[in-house]
Each structure stands twice: as structure tokens, then as C-alpha cells.
Amino acid sequence: MIKKTIIPAIASGLLTHASPAVLAMQLEEVVVTARKVEENLQDVPIAVSAFTGNDLESKGLTNIAQVGNFTPGLEMDPTAAISGSSAAITTFIRGIGVSDFLLTIDPGVGLYVDNVYVSRSVGGLVDLLDVERVEVLKGPQGTLFGRNTIGGAISIVSKKPAEEMGGSMAANFGTDNRLDLRARIDLPINDQWLSSLSFSSKTQDGYGVRLAAPADYIPLQIPAGTAPDAYDNGVLYGKGDKLGEINTQSGRAKLFYTGDNLEALLSLDASRARETAPVSTLLGFTPTYEAGTALSNAYNAFATGGDAPANRLVFDERWITGDRHSTYGNAPSHSDYDLFGVSLTLDWDIGEVGVKSITAYRDLDSDFGRDGDSSPIVLDHTRNKYSHEQFSQEFQFTGLAFDDKLNWLAGLYYFKEEGYDRVQVPLALEGDLALAGVPGAVFNLWLDEANDVENTSKAAFAQATYELTDSLSATFGLRHTEDEKTYRPTHVTLGVAPLILLIDEKTVEFSDTSPRFSVDYRWSDEVFTYFSYSEGFKSGGFTGRTVDPKDGARPFDPEEAETMEIGFKLDFNLMRINGAIFSTDYTDLQVINQEGITPITVNAGSSEINGLELEVLVQPVESLTIMAGYSYLDAKYNEITDPNATITADFDFSNTPENSFNLVVDYSIDLKSGAEVNLHADYSWKDDHFNDAENTPLLAQEAFGLLGLSATYTADDHWTFVAGVSNATDEYYLYSGFSQPGVGFVEGSYNRGREWYFTSKYNF
């Protein structure tokens with residue numbers, strides 16, 4: 001059956017983020033589609049948070065990672081550790097997620113754009129262009145959302161074309177020469193055919209300063225013919241551009257058809273970025289460096305030996321700048337990508353059965369790199385040439401039975417992806433060049449690792465809700481998934497004495513059946529409670545990095561989660577209090593483990609995650625809205641089963657603060673002229689936590705809070721002006737980092753700091 005949005009502002013399952021102008025309507029009834037069918041928000045037995053497009057604008061949010069500051073239990077970093085990509089994203093929900101970006105590792109939280117699964121971390125930092133709403137579903141969503149939603153799912157829904165011609169244009173000016181331009185136009189063709197076009201351009205200067213090397217330091221060059229092509233014929237040193245710049249353009253076109261029993265939506269989107277890498281700086285050294293067993297110690301021994309040329313620098317404390325936004329790193333540090341996507345959604349009404357088809361294709365080409373050691377020395381640089389394409393086909397069938405007491409949904413899903421990632425890592429290359437003049441003569445650690453993957457996933461799923469009485473309902477769902485993954489690594493070293501580290505082709509198969517069960521009871525119009533049990537599955541994969549020769553590709557197993565949840569939703573006219581208490585058994589965790597110089601993924605063991613979430617919405621008067629959210633997470637390892645694991649059972653989970661909360665206040669003022677002023681304040685706070693599974697002290701982040709303020713002046717139906725500041729108290733926090741004990745250093749990335757902005761928007 002054809003589904004139509006009843007209320008355009010979709011609210012949170014635990015907290016409705018809304019503007020005061022529409023809040024009263026939403027308190028009466030809110031319709032969500034968290035279970036792929038239209039339902040009253042207060043009748044949905046799922047913990048789900050959502051933001052409307054207006055919410056995102058009022059908070060000054062422009063990319064999906066920023067939503068993490070306003071959703072307790074959700075952690076989102078705008079990059080992936082050791083990648084150098086500004087298009088990657090690291091997501092954790094309720095302590096479950098993955099911090100690696102390799103093609104051989106799947107994310108732990110599913111990201112969906114207009115119902116299309118985005119399978120890779122790289123390309124996942126989606127621009128919030130022309131967004132109708134963002135929904136965050138917490139806990140395993142394996143029944144309906146499927147692939148790799150063991151921690152939860154994030155669904156981004158863009159706006160459909162409008163029935164009347166119109167649109168908007170907006171310009172945003174801000175800190176560091178920020179200039180954001182956005183435009184949208186709706187172009188109805190006739191009563192049945194509608195179309196829309198939207199465009200976004202975001203530019204902002206970088207904030208990470210590259211410091212000059214000592215004046216007497218002479219960078220070494222690679223002799224012609226000895227450099228691999230991925231490093232552009234020996235270009236190992238960057239131009240000194242500031243890191244952390246933004247230069248992204250995005251566009252979307254939609255064509256929508258409505259007939260008597262058919263709706264069709266064709267959507268095309270494209271993005272392009274030419275940016276420098278995220279800011280990263282040297283935080284300190286690892287215990288192996290101090291013990292003299294790291295690669296950096298071996299390099300220093302050569303650099304200070306009697307045969308070393310003059311003016312060779314050693315890797316030591318001099319390269320720690322003490323400033324979170326400066327670095328001596330001088331490698332080509334960039335992040336470029338070109339992304340294209342197309343999808344066709346067909347929605348038929350065939351008698352008593354509704355049929356939906358979602359066909360989609362996405363293609364990504366990216367080139368990114370970074371200077372890991374943050375020094376002028378070529379000790380540990382990385383550069384990735386990354387390409388990926390995916391195709392998916394989903395069929396959904398919906399209907400009612402038994403006098404409309406049974407609401408059912410069933411479907412089939414097919415997914416295929418192919419990817420190629422070539423990473424080059426010139427480890428200790430400076431020593432090779434200084435002592436022998438060619439790569440590979442001394443250390444022989446110029447790594448050239450190509451990862452070629454081909455993955456296929458097939459699934460069948462069904463879910464049904466039966467109304468046992470007018471107040472009592474039960475839901476049961478099941479999804480069976482079969483994955484086939486083929487991995488073709490070609491890992492070698494380059495130089496005068498090349499080595500074959502790993503050349504192989506291996507195929508593995510994984511299958512899983514994930515159930516979901518819930519029972520809910522409506523005690524009165526104001527009180528709704530539910531109990532649910534759900535399972536999630538994240539597919540296995542392969543270790544994608546090699547330093548020493550291996551006999552064959554090294555796979556790791558899937559991980560699984562079983563969650564029990566008790567929730568309540570209370571709606572007392574002008575107050576809404578919603579909460580959930582949950583317990584998750586999380587087994588075969590896939591964590592990054594350090595083996596020598598190589599960061600690899602292993603199944604570390606089992607754990608238990610207990611927690612609660614509470615969110616409150618209050619509207620004491622028509623002009624004032626107060627919203628608050630709180631999350632508590634108690635995540636503990638039960639046992640560590642990998643004998644080579646570098647973590648123990650008493651370690652903390654990464655990216656999992658024990659406590660977090662947020663507060664949002666909106667106050668509107670109607671002026672005699674007919675204009676309106678809205679004053680907005682938001683505050684988000686996160687407890688102390690680690691940025692890596694190995695609990696590196698230098699990657700620990702103390703508790704911090706972020707304050708945002710803005711004032712919106714709506715002059716009439718056409719003009720709107722916004723002045724605001726994000727992170728008003730200028731807090732700095734470590735959002736990503738990596739410890740490399742095999743080389744001997746710890747690197748980290750900090751946020752930009754306080755930012756002001758001014759937006760002018762015109763609606764027509």
C-alpha cells in the first residue's frame with residue numbers, strides 16, 4: 001500500500017526534537033516509519049531518535065557526524081583513525097561499533113540514505129543536504145534494516161519534490177572564511193510528475209598548521225624509477241597547506257511520479273571534495289619506543305651512526321609541538337573523493353498487498369593520505385587509492401489480515417559490492433635513502449598493499465504485529481542472511497630487495513538468522529510500555545594489513561549481540577517522558593589489536609553492556625520548549641579469548657562514555673510587526689572515555705561539554721536570518737587517535753574549537 005507522510009516533522013522515539021511552532025501538533029500525534037510502516041510514535045516499541053531538517057538548521061549542523069552530540073548513546077567521529085580521510089566516519093551506538101575503515105571490515109552501525117544501505121566507512125560522512133529527517137534507531141535492527149545493524153541504524157531521508165513551484169537559497173558565513181551555499185527548487189511538471197533540484201557548496205580554511213623543519217634539514221629525494229606510482233613518482237613531501245580544510249560540493253535531483261496505484265521516485269546524488277586531511281598531531285610515544293624496541297629506535301640508531309649523512313634528524317621529543325593544532329608533519333596529506341549514487345523506488349498498491357521495490361547503485365573514488373609520525377622524517381606515512389561500487393535490490397511486501405489485527409511485512413534483499421584499496425606505507429624510508437640512497441636497502445619496509453574485495457549478501461526477512469486486544473500487541477520478526485566474501489590481497493615491499501608478504505585469494509561464507517520479539521501494552525492514552533528481545537549480526541572479514549610474510553589471508557569471525565529492553569513512553573499533554581533500560585550480550589567482538597607494527601582486527605572475546613536512556617520534553621508555555629536527554633552505559637568485557645590480544649578484561653570499551661546528556665531550550669517571541677524571533681541554546685556533555693580499544697593513556701579524553709547558541713529572526717514568509725556560535729566556551733576535545741607501538745608514536749586529532757556563523761535564507 002502506498003505510504004504517505006502524515007506529519008512532516010518526524011520526532012524521536014525517546015525525545016521529539018521540534019520547533020515550538022509545530023510542537024503542540026506533535027504532542028497530539030506523531031507518525032514515524034521506524035518499522036517500515038506508518039505508526040504513532042508513542043505506539044512504537046523501539047528506541048529511536050530523530051531530527052527534522054529545521055532541527056538541524058537551528059543547531060547549525062551540516063554533516064551527519066554532528067548529530068552524535070545530540071543523541072545520548074551515539075558516538076560519531078568525522079574521520080577514521082589512521083586514514084587521513086575527511087569523508088570517513090566512525091560510529092558507535094550503545095558501545096557497539098568499529099573504528100577501522102578498511103574495505104575488509106564492515107561497520108557496526110548501518111547507515112542508510114533514502115533506504116539505501118551505505119556499506120563503507122569511507123564516503124559515510126554524508127552532507128545534510130535537503131534533509132527531511134534523520135532517524136537514529138538504537139540496538140540491533142537485524143530484522144528490517146538488515147546488514148550490519150548490530151549496534152543500530154542511522155537513516156537519512158531527503159525531501160521529496162513539492163506539489164507547488166518554490167524553493168530556497170541560503171548563504172552561511174563563519175569562522176576561518178567559512179562559506180556555505182545551499183539552494184533548492186521544486187519544479188512540478190503536471191499533477192502526476194514532480195521534480196526537484198538541490199545543491200550545496202561548503203568551503204572553509206584549514207585550522208591545522210604545518211610547522212617548518214629546521215633550516216639545515218635537507219629532505220631526501222627518491223632516485224628516478226624507484227618510486228611507486230601511488231606516491232606520484234617520489235613526491236613524499238607536502239606543500240604545507242593547512243590541514244582540516246573543507247571544500248565539498250554536493251547535488252541531488254529527484255523525479256517523483258504519482259498514479260492511481262503506483263508511486264515512483266528516481267533520485268540521483270553526487271558529491272565531490274578536494275580537501276586536506278583532518279588535523280593530526282604527535283601526542284607522545286609508546287612504551288615500546290621508550291624500551292628501545294620500536295622501529296623509531298632502529299631508525300634513530302642508523303641516523304646517529306657513523307655512516308649516517310650529516311643533518312639527519314632523529315625521531316624524538318622535539319616533534320611534539322605541545323599545540324593541538326600544529327604539526328611538523330610534511331607528507332602529502334589530502335582527502336579527495338568523487339561520489340555518485342542513483343536509486344529508484346517503486347511503490348505499488350496491488351489490492352490488499354503493497355509492494356515496494358528499491359533499486360540502487362553507488363560509486364566512490366577516493367584518494368587520501370596522512371603523515372602519521374608528525375615529523376619531517378619519512379618514518380610512517382600512508383596513502384590510499386580507494387575505489388568502491390555497490391548495487392542493491394530490495395523488495396518489500398506489506399498487508400493486513402485477520403480483520404486488520406495482523407500487520408505484516410516481508411521482503412527479499414540482494415547486495416553486491418566490489419572494492420579496491422591500494423595503500424602505500426614508506427616505513428623508515430628516510431633511513432633507506434640516507435644510508436643507501438634507494439628504498440629497501442636497509443629497512444625494506446616500503447609497504448605496497450592492495451586489497452581487492454568482492455562481497456555478496458542475500459537475505460529474506462519478515463515481521464508481523466498482532467493486536468491481541470485493543471491494548472496488547474505482540475511483534476515477531478526474523479531475518480536470514482547469507483554472506484559470501486572474496487578477498488584478493490597483494491601485499492609486497494618495494495625497493496632493491498622486494499619481498500612478497502601476502503598474495504592470496506580466499507572466499508569465506510557466513511550465515512545468520514536474527515529474530516526479534518516484542519510485546520507492548522497501552523495502559524491508558526498517556527502510558528505505553530514494551531518489552532523487546534532482538535539479535536544483531538555483523539559479518540566477518542579479513543585482516544587487511546601485513547608487515548611480515550604470511551602463508552595466507554587471515555579471516556576473523558562475525559560478531560553477535562542479543563539485547564533485552566524494557567521501555568516506557570509517557571505523554572501527559574504538555575510533557576513527554578520516554579525511557580528504556582537494556583542489557584546486551586555482545587560476543588566475538590571485532591577489535592583492533594596491535595601485532596608488532598601491524599594493526600589488525602581480531603575476535604577478542606565476550607562482553608556485557610547494560611544501560612538506560614531517558615529523555616524528556618516539556619512545553620510549560622506555548623513559546624518555550626525544553627528538551628533533555630540522558631544515557632548511562634556500563635560496558636564490560638567478560639573474557640578475552642584471543643591469546644595474542646593486547647587488551648584485558650578490565651579494559652574500558654572505546655568510544656563509550658559512561659554518562660552523557662544533552663539539553664535544548666527554544667524560546668520564541670512574536671513581534672508586533674508579524675516577525676518572529678527564536679532564541680536557541682543547546683548543551684551536550686560526555687563523560688571521560690578512551691579513543692581506542694587498547695586504552696592508550698594519551699588517547700584518553702576527559703569529560704567535556706559543548707554549548708551552542710543561536711538567534712533566528714524570521715521576517716516574513718521569505719526571509720530568515722540566523723546568528724549563532726557553536727562550542728561557545730571554546731572547548732577542545734580529542735575525537736580520534738591511534739597508538740602505533742610498533743613504530744613508537746601516538747597521534748591524535750582535536751576539534752576546530754569555537755565557531756561563529758551567520759546565515760541568510762530566502763524562501764520563494
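These are my notebook entries on a few spots I looked up in this predicted model.

**Ground rules.** I number residues from 1 along each chain as its sequence is written, and my side-chain values use heavy atoms, with hydrogens and water left out. Since this is a predicted model, local features need pLDDT of at least 70 and side-chain atom pairs count only at pLDDT 80 or more, while totals for chains, interfaces and linings use all residues.

**Entry: charged patch.** I went looking for surface charge and found a negative patch formed by Glu352, Asp403, Asp404, Glu467 and Asp470. For the record, patch residues have over 30% relative accessible area and no salt bridge, with like charges joined within 9 Å and nonpolar side chains (Val, Leu, Ile, Met, Phe, Trp, Tyr) within 5 Å. A salt bridge here is a side-chain nitrogen of Lys or Arg within 4 Å of a carboxyl oxygen of Asp or Glu. Asp and Glu count as negative, Lys and Arg as positive, and His and the chain ends are not counted; I place each charge at NZ of Lys, CZ of Arg, CG of Asp or CD of Glu. Glu467 sits in strand β23 (residues 446-467); strands are DSSP E runs of at least two residues, numbered from the N terminus. Glu467 is partly exposed, at 36% relative accessible area (buried is under 20%, exposed over 50%, partly exposed in between; 1.4 Å probe, protein chains only).

**Entry: nonpolar patch.** Ile566, Ile581, Leu612, Leu614, Tyr630 and Phe661 make a nonpolar surface patch of about 500 Å². I checked Ile581: it lies in strand β31 (residues 575-587) and is exposed, at 53% relative accessibility.

**Entry: positive phi.** Most residues other than glycine have a negative phi, so I noted the exceptions I ran into. Asp588 has phi near 55 degrees; it belongs to the loop between β31 and β32 (590-595) and is partly exposed at 34%. Asn655 also has a positive phi, near 55 degrees. I find Asn655 in the loop between β35 (624-640) and β36 (659-670), where it is buried with a relative accessible area of 4%.

**Entry: two buried residues.** Ser326 is in strand β18 (residues 326-327) and counts as buried at 6% relative accessibility. Its side chain makes a polar contact with that of Thr321 at 2.9 Å (a pair of N or O atoms within 3.5 Å, one able to donate a hydrogen and the other to accept it within protein; residues adjacent in sequence count only if both atoms are side-chain atoms). Thr543 is in the loop between β28 (541-542) and β29 (555-556) and is buried at 7%. I also got 6.1 Å between the C-alpha atoms of Thr543 and Pro555, 12 residues apart along the chain.

How values were computed:
Areas by Shrake-Rupley, 256 points an atom, 1.4 Å probe, with all protein chains shown as cover. Helix = DSSP H or I, 4+ residues; strand = E, 2+ residues; numbered from the N terminus.
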